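Please look over the sequence and the structure shown here before reading on. The notes after them are a short briefing, grouped by topic.

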Amino acid sequence: MAADTRNSKSSNQSSANADITVPNGKTYDTFNYPATLENKDSLPGANPNSFAGKRTEPGIVDALKTIKLEDFKEVHKKPCTREGFLTGIGAAFATGGVRVILGAPVFTACSWAVGAFAFGSFAMHEYCQAKRRREKEGIQKVNAALLEKKIKEEMKREEIRKARRKAKEEADR
C-alpha cells in the first residue's frame, strides 16, 4: 500500500500548507494542521489526525494562497475549457447585441451579456464533460469486448492445440 503522505513534514515544522508530490509527478497543495499538539497525553510522534485534538479549518485566505499564476497561464490546456469560453463569448455577444438593438440601455445590455457569458460557458463546459464521460464509458465497453473476444480466441486456439497434440500422440502410438 502507498505510504501515508500526511506525515511528509516533520512535526517541528509549522508551515500553514505544504506540497505533496505523488509518483506521477503532480504536486498537490495540502493544508497541514499546526505542529504544536495541545493534548499532552498523546503518544510521541502522533499527528493531529491520530487523536481528538483541536484542528484549524482552512479558510478563504488559505484557499487563495493555493492559486498560482501558472494556473491561469495554462487554463486553455484543460479539457472543454476552450469550447466553453468560445460558446460563452458567442452567447454574450449575441445577447448583448440583441438587447442593444431592442433599445435596452447599454449598462443593462452589458449585464445581460455577462450573464449570458457565464451561463453559456458553464452550460457548454458541462455538456462537453458529459460527452467526454460518455465517450470514456464507450471506450471502456469496447476495450472490455475486445479483451473478451481475445480471451475466447485464445481459448479456442488452446483447444485446437490440445486436439492436435492428442491426435499426434495417438498417431505416434
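This is a predicted model: local features need pLDDT of at least 70, side-chain atom pairs count only at pLDDT 80 or more; totals for chains, interfaces and linings use all residues.

Residues are numbered from 1 along each chain as its sequence is written, and side-chain values use heavy atoms, with hydrogens and water left out. Helices (H or I, at least four residues) and strands (E, at least two) are DSSP runs, numbered from the N terminus.

**Disulfide**

- The structure holds one disulfide, a term for a pair of cysteine sulfur atoms within 2.5 Å.
- Cys-80 and Cys-128 are the two partners, with an S to S distance of 2.1 Å.
- Cys-80 lies in the loop between helix 2 and helix 3, while Cys-128 lies in helix 4 (residues 106-172), so the bond ties together parts that are 48 residues apart in sequence.
- The torsion about the S-S bond of Cys-80 and Cys-128 is about -70°, and the disulfide is therefore left-handed.
- Cys-80 is buried, with a relative accessible area of 5%; buried means under 20% relative accessible area, exposed over 50%, and partly exposed in between (1.4 Å probe, protein chains only).
- Cys-128 also counts as buried, at 8% relative accessibility.
- Another cysteine, Cys-110, is partly exposed, with a relative accessible area of 42%.

**Thr-81**

- Thr-81 belongs to helix 3 (residues 81-101).
- Thr-81 counts as buried because its relative accessibility is 11%.
- The side chain of Thr-81 reaches the backbone oxygen of Lys-78 at 3.3 Å. This is judged as a polar contact, a pair of N or O atoms within 3.5 Å; within protein, one must be able to donate a hydrogen and the other to accept it, and residues adjacent in sequence count only if both atoms are side-chain atoms.
- Leaving aside residues up to four places away in sequence, Thr-81 touches Val-75 and His-125, where contact means heavy atoms within 4.5 Å.

**Thr-95**

- Thr-95 is also found in helix 3.
- At 23% relative accessibility, Thr-95 counts as partly exposed.
- A polar atom of the Thr-95 side chain lies 2.8 Å from the backbone oxygen of Ala-91.
- Thr-95 touches Trp-112 and Ala-116, again not counting residues up to four places away in sequence.
- Thr-95 and Ala-109 are 14 residues apart along the chain, and their C-alpha atoms are separated by 7.7 Å.

**Salt bridges**

- Side chains of opposite charge can pair when their charged atoms come close.
- A search of the whole structure finds five salt bridges, each a side-chain nitrogen of Lys or Arg within 4 Å of a carboxyl oxygen of Asp or Glu.
- Glu-153, Glu-154, Arg-157, Glu-158 and Arg-161 are linked in a network of salt bridges.
- Arg-161 in turn forms a salt bridge with Glu-158, where the closest N and O atoms are 2.8 Å apart. Arg-161 and Glu-158 are three residues apart in helix 4, which means a separation of about one helical turn.
- Arg-157 is partly exposed at 40% relative accessibility, and Glu-154 is partly exposed at 37%.
- Arg-161 is partly exposed at 33% relative accessibility, and Glu-158 is partly exposed at 28%.

**Nonpolar patch**

- Ile-60, Leu-64, Ile-67, Leu-69 and Phe-72 form a nonpolar patch on the surface, with about 580 Å² of accessible area together.
- Helix 1 (60-65) and helix 2 (69-73) are the elements that give two or more residues to the nonpolar patch.
- Patches are made of residues with over 30% relative accessible area and no salt bridge; like charges are joined within 9 Å, and nonpolar side chains (Val, Leu, Ile, Met, Phe, Trp, Tyr) within 5 Å.
- Accessible areas come from the Shrake-Rupley method with a 1.4 Å probe; for residues, only the protein chains shown count as cover.
- Leu-69 lies in helix 2 and is exposed, with a relative accessible area of 54%.
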